[in-house]
Each structure stands twice: as C-alpha cells, then as structure tokens.
Amino acid sequence: VYFLLFLKLPLDINQEVYNFLATAGAKYGVGFWKPGSGIIHQIILENYAYPGVLLIGTDSHTPNGGGLGGICIGVGGADAVDVMAGIPWELKCPKVIGVKLTGSLSGWTSPKDVILKVAGILTVKGGTGAIVEYHGPGVDSISCTGMATICNMGAEIGATTSVFPYNHRMKKYLSKTGRADIANLADEFKDHLVPDPGCHYDQLIEVNLSELKPHINGPFTPDLAHPVAEVGKVAEKEGWPLDIRVGLIGSCTNSSYEDMGRSAAVAKQALAHGLKCKSQFTITPGSEQIRATIERDGYAQILRDLGGIVLANACGPCIGQWDRKDIKKGEKNTIVTSYNRNFTGRNDANPETHAFVTSPEIVTALAIAGTLKFNPETDYLTGTDGKKFKLEAPDADELPKAEFDPGQDTYQHPPKDSSGQHVDVSPTSQRLQLLEPFDKWDGKDLEDLQILIKVKGKCTTDHISAAGPWLKFRGHLDNISNNLLIGAINIENGKANSVRNAVTQEFGPVPDTARYYKKHGIRWVVIGDENYGEGSSREHAALEPRHLGARAIITKSFARIHETNLKKQGLLPLTFADPADYNKIHPVDKLTIQGLKDFTPGKPLKCIIKHPNGTQETILLNHTFNETQIEWFRAGSALNRMKELQQ
Ligand code: SF4
C-alpha cells in the first residue's frame, strides 16, 4: 500500500518529465529505468558495474561501483555529453591514497564505520585529486555491498573515486545478480584487478577493523566523526538536541539487502520486548529488487511493526524529498540517517536540523532509544515487562538465500528503429525548457564586474543550488535559477539570501539581485572560500550563475567536479594566487579581470580590485584551464564549442 501511495503521487506530478526522459531515451538509443526502479547507484551495482570497468556517471556517488572493483567516477552532465558524443574524457592524473584494512569487521561495527572513520581522518577535502584504493587482509571481511557503501561515501572526502580489489565477496554478488559469467572472467584476470605487489601510495592510512568502533558523524558536515559511545556527551556539551526526531535508513549508501537485514535484526529484538521506535522511522529501499526481496523475506514487515514507514524506492529524504510535518522551519532538532551527506538544510531545508550520519543498524537502535545518548554496545533498554535488556549486535545474510525477487519490470529498452520518434517537451511547461546557447566571449577583458555575493565559509552545491522542492525545476533552467545561492552566507551581513544591490543599495534575495544585474547588462562575479562547490555534482550550480549573468567565480579553492562544470558553461573558475587576497575584496568593490586575450594554460590572470573610495589593488588569479577548456570559454560553453567543431 505504501509503495503504491508513495509512487502514485510522484507519477502524477512528474509525468511530463518521465515522458521527456522516455521519449528522449527512445530517440537516441538510451535505456530508461522508469520511476520506481530505485536509486541509480543501486541499479548500476545490480546491473552494470563490474571489476575493471571504467564508468563515468553524472552524480557524485557514482564511485559506489568501486564496491564491485570498478573505477567509477562522478562527473558533471557536460562531461557525460562529451563521452556520449565520442569526445575523450579528460582528468588530471590523480594521486593514489592507500587505505590498508587489517583485522576484521564484527559486532556493531559495519562498513559505514570504515568510511566514517576515514572521513574523520581525511576531512571533506582530504581525498581531493586522489583515488582511494582499499587493500589489505581486512577487505575479505566486508561484503560487496559494504564495499560499495565505503566507496560511495568517498565522495564526502572529495575523492575522485574509491576502489576495492576483486575478491570472492564480489564474485558472490555478481553470481547472485545474474552475472556469474562476468565473475568467471574476473577470476581469469584477477591479477589485474588487485593492487600491484609493492605498489607505492602517495599517502597510506591504516585502519584496524577489529579495533574500529561504531561511528556517527555530524552535524552539518560528514567529517565530524564521533564514536557512538561519545556522541551523547559531545552533543550535551555543544547544545545539540539529544532527542532524535526521526531515524531514516536507506539511500544509495546504505540500502542493500544486508543493510535492511541488519536493521531488521535490531528491530526484531526490540519487538520481542514489546518496544517500538520512539523516534519516527523511515525506510527507503535502494531498488525495486531490494524492495520486492525485503517484502518477500519479511524484513519490511518487521521494520513496519517497529513503527517504520517504508517509502518508495528512491533517494527520498536523502535529498529532501519527503513531506516532513513534525517540525516547523527554524526549529532546532536532531535526525539520524544512514545517508552520506548532512550539510545544512540537505534533508529538509531547515538550517536548524542537526543531521548525523551512521550505519542503518545504529540508526535503528537510536530510533528505538530515541536519544543520541544511547550506545547499543553498552546501554540497556527497558521492555514493556519492565525488564532491562541489551540489544545484541545484529547478524544478517549479506545476500538472500533464494534468488533476488526482481519485483516489477521497470526497464524500457530503446526500440530498434527510432526514426520518427518525437521528444516530448511542451513549450509552455514549467518543468522543462530547451536550453538556449550561452553568448560567446566578446574578445575583451572583463571590466568592472560587480560582486553578487562574497560567500563566508562553506559553500556546497546545496548552498549554490538547493535541492528539495527545487528539484522539480531541474529541467527548466530559468525557473530553477530562482534558488541561486540562496543557502550561501553573505559575509557582509552574515545572512543567507540577502545581498546588497550595488545600484539601488537595497538588500534583497540573491536570485532577484542577479536578475536585476542581468536585466541592466551588469556582469558579476561570486567570491568564495575554500573547497567551493563541494558536495554533489549538481550541474545547475554552474548553469544557474551562467544563465543569470556571472562571468567568473573566484575562490580560495574549488571542488573538482564543480570547477569543471563551471568551465563547461563558459565561466571562469579562478583561485587567489595568494589565498590571503580573499580578505582584500569587499562586497562593494568592482573587479576587472585582465589577460584574457592572452589566456594560456598555467599563466595567471590579473585582477584589479577597485574600492569605492577610488583606490585600487592588483592581485593574481590562478586557473587550471588547458587549451581545450580555453576554447570552451572563448566559444561561450563546451556545447557551443562542440557545435563549432561540427560546422
Ligand atoms: S540523493 Fe542521496 S540517495 Fe540519491 S543519489 Fe544522492 S546521495 Fe544517493
């Protein structure tokens, strides 16, 4: 009933988008997984990833496929367009960080704890420009889907991707998902699918799985690591709400059969003592196959009996897609999830929601206890009979004993003959809009650029282009641009979505101010801090500023995917040659960027800062453009350049 209820509504609301995807797929020979299929990364693990594959995907959690020994890398949509058009895909040769796993996983400790621990060590920036290669004797104690969990969340440390060596756990998973032939082939080439003996790593980290304790990271950033045993004390000290309002399991990171089984194993023990969860509790299966199989094997019912609600097979609350009613916006509260990200406003657009990420089994235990102060390894619960009991560490099968139940067939194969196939886009649609080409560079330096916003602190792609209710406009650039930078904090007044209009001197929302500048032919820049654009690969975070008149984004540093996305849309992602120059720029200044006529790889551009009192300062701005990317800038975007080359 829940499945039908939760799926029928989006089907009605999103029908025109699904029609567009189905008809575009049919026209251009692309398979289409219909709504209800599940989360893309789970679908890829079940159907497409295999040991040794090089796969690029338009989402930052594409590295999930590293759990099956693939080099799976998240890119912006424009990079994927290149690949589909047969243009080589480029990447600066990454470093390799080795993570040596010793000991073995047991008890309450799970694969999620490995990446939560690594995130605590490396931080959200530590994996930037690197592939993380897990190896060592501890690897064999982790299931294939557990390895996928670890690789998936490598996105949170900024890693280009993460990968595990081929082993018998991957073979087991391939065989169970109907790909025994691939497993046999991988066996044949095993020597190429494991680290070279004596290989050198740019950095080496060691994690002893036998000593690793369950972790919970947050709030507001996935690298703020705490052992579960200590988080309650830290929360008390920091004033984070101890009461857990909602526990949420699922997402591409943790929605496998094993994850659901371990959560159900915890739930079953509480039910045996007459308990239900104190917090609200939601479950999002990762795919139709997982949903159908956990229904058949009874896990879904156990989780419902505990008080859980099984939502549709989708990202759901992970990206703010749920109808949260228990709090008002601005109300301070705590949620615990098995997701990968917990940036401000990520799950429910409420900046006061303190979101923590942990394993599904710990989420379940905490949802039963209802407080961050509960440590299932040591603390007791009280059953309805008044007797105290301790939850045993969960034990569950990594894969179903019987075959997976595929559930409903949700895949549309492209037709053999697509001639005459029409792509469905209504010209009056509020959800879909065909892209117009961006204007070409006019051959001049960029004079007197206005500063739209000087961002203070963290600015993820969620801050630049918020998710949740905005996602319905993903196919309509003008409409979704109304969320431009609404989550970023303006250094001038410490507020979100409030910037000074340099012409009227009035403070107003960021998108409105950008539209004002666009209308009056005023070109603008954004000034950002470290790791600007971290988080998801969301291409709108680059399309929107371009659409509303930006010319450059100047920061102390960029997240890799976002930097490429900006270049692809004809923008200039530039970094301060001296990071301290960030302090020289005030939101009321104007900037002139010189050197574009001689735009060359490796050669910095000059920036003249013009202060309102008439004084000027000159600083240098670095860039990472290569020759091809400079052509994108000159043409106005990578797509424009592609068109030029075809003519
Ligand atoms: S929204 Fe969440 S579940 Fe969906 S792909 Fe992104 S991280 Fe995964």
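Student: How do the residues of the shell around the ligand divide into nonpolar, polar and charged?
Tutor: Keep in mind that this model is predicted. The ligand is surrounded by residues including Ile-39, His-41, Ser-251, Cys-252, Asn-340 and Arg-346. Sorted by type, the shell residues come to 5 nonpolar, 4 polar and 1 charged.

Student: Which domains does the shell around the ligand draw at least three residues from?
Tutor: His-61 and Cys-315 are among the residues that surround the ligand. The shell takes at least three residues from each of two domains: domain 1 (37-213) and domain 2 (225-374).

Student: Why does the largest nonpolar core lie between domain 1 and domain 2?
Tutor: This core has 85 residues, and Leu-101, Tyr-134, Phe-164 and Phe-281 touch the most other members. Its largest share, 7 residues, is supplied by helix 13 (residues 360-369). The core lies between the domains because residues are given to it by both domain 1 (37-213) and domain 2 (225-374).

Student: How far apart do the end C-alpha atoms of residues 450-578 lie?
Tutor: An unreviewed UniProt entry annotates this span as "domain: Aconitase A/isopropylmalate dehydratase small subunit swivel". Residues 450-578 are 27% helix and 22% strand. The distance between their end C-alpha atoms is 21 Å.

How values were computed. Residues numbered from 1 in each chain as written. Predicted model: local features only at pLDDT ≥ 70, side-chain atom pairs only at ≥ 80, totals over all residues. Heavy atoms only, no water. Core = buried A, V, L, I, M, F, W, Y, C linked by side-chain atoms within 4.5 Å. Buried < 20%, exposed > 50% of the residue type's maximum accessible area, 1.4 Å probe, protein only. Helix = DSSP H or I, 4+ residues; strand = E, 2+ residues; numbered from the N terminus. Domains from an automatic or database assignment. UniProt positions renumbered as here; feature names shortened; annotations may be inferred. Near = heavy atom within 4 Å. Nonpolar A, V, L, I, M, F, W, Y, C, P; charged D, E, K, R; others polar.
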